[in-house]
Amino acid sequence: MKTTFLGLAALGLCACVAAPEAATPPPGSNEMLRSPIASMQSHEVIISDVVIPPGATVPRHYHPGEEFLYVISGSAIHVEQGKPDLELVAGDSYVIAPEAIHSPRGGPDGARAIVFRVHVEGQPERILVDGAEAHHHGDDGPHHHH
C-alpha cells in the first residue's frame, strides 16, 4: 500500500516540475475550451491561453462580448481606445467591455494570460479594425454614404 502511494507521489512531483516548460503554448490565442452556456441561449464561453511575445503588439481588434483576463506570467501593456494605457503583471485580472477596441503589447518578458470570453454564437470571434474604422466605431449609429 505504502509503496504504491510513494510511487504515485513521485510521479505527481515529476509531472509538476516538467509541466511549465512543456505546457507553454505557441504565441497567439490558443483556444482551450468552447462551451454553450445553459442559462444564456445562443451564448457560449471561450477560454484561451494567450501568449504575447516580448514587445509584440496584437493588432487592433474588438470582440462582440465581454473579455475577462487573468495574467499568469510576464507583463503586458493594455492599450484600449479612449482609456490610458495600463500595465498588467502576473496576478492581475482585467475586464474588457464588449466592442472595446484594444491592442495589447507584450512587456520585456512577454506575457501569458488565461482569457475567458462570453461569445454570441454565429458572430465573428475577433473583429480587426484599421485606423479609419476605429475612428467611427462607437458613434451614434451607422453612417450612410450617398
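Colleague: Which residue's side chain makes a polar contact with the side chain of Arg112?

Modeller: This is a predicted model, where local features need pLDDT of at least 70, side-chain atom pairs count only at pLDDT 80 or more, and totals for chains, interfaces and linings use all residues. Residues are numbered from 1 along each chain as its sequence is written, and side-chain values use heavy atoms, without hydrogens and water. A polar contact is a pair of N or O atoms within 3.5 Å; within protein, one must be able to donate a hydrogen and the other to accept it, and residues adjacent in sequence count only if both atoms are side-chain atoms. Here the distance is 2.6 Å, and the partner of Arg112 is Asp49.

Colleague: Is Arg112 buried or exposed?

Modeller: Buried means under 20% relative accessible area, exposed over 50%, partly exposed in between (1.4 Å probe, protein chains only). Arg112 has 16% relative accessibility, so Arg112 counts as buried.

Colleague: In which strand is Arg112 found?

Modeller: Strands (E, at least two residues) and helices (H or I, at least four) are DSSP runs, numbered from the N terminus. The protein has two helices and eight strands. Its pattern along the sequence is α-β-β-β-β-β-β-β-β-α. Arg112 falls within residues 105–120, which form strand 7.

Colleague: How many bridges join strand 2 to strand 7?

Modeller: Two strands pair if DSSP finds at least two bridges between them. Strand 2 covers residues 43–52 and runs antiparallel to strand 7. One of the bridges pairs Ile47 with Phe116. The number joining strand 2 to strand 7 is 10.

Colleague: Which residue in strand 7 is the bridge partner of Ala76?

Modeller: Strand 4 (residues 67–78) also pairs with strand 7. That pairing is antiparallel and spans nine bridges. In strand 7, the partner of Ala76 is Gly106.

Colleague: Why does Phe116 count as partly exposed?

Modeller: Phe116 lies in strand 7, the strand that also holds Arg112. Phe116 counts as partly exposed because its relative accessible area is 34%.

Colleague: What percentage of contacts between residues at least 6 apart in sequence join residues at least 24 apart?

Modeller: Contact means heavy atoms within 4.5 Å. Leaving aside neighbours within four places in sequence, Arg112 is in contact with residues including Ala23, Asp49 and Tyr70. For the protein, the share joining residues at least 24 apart is 69%.
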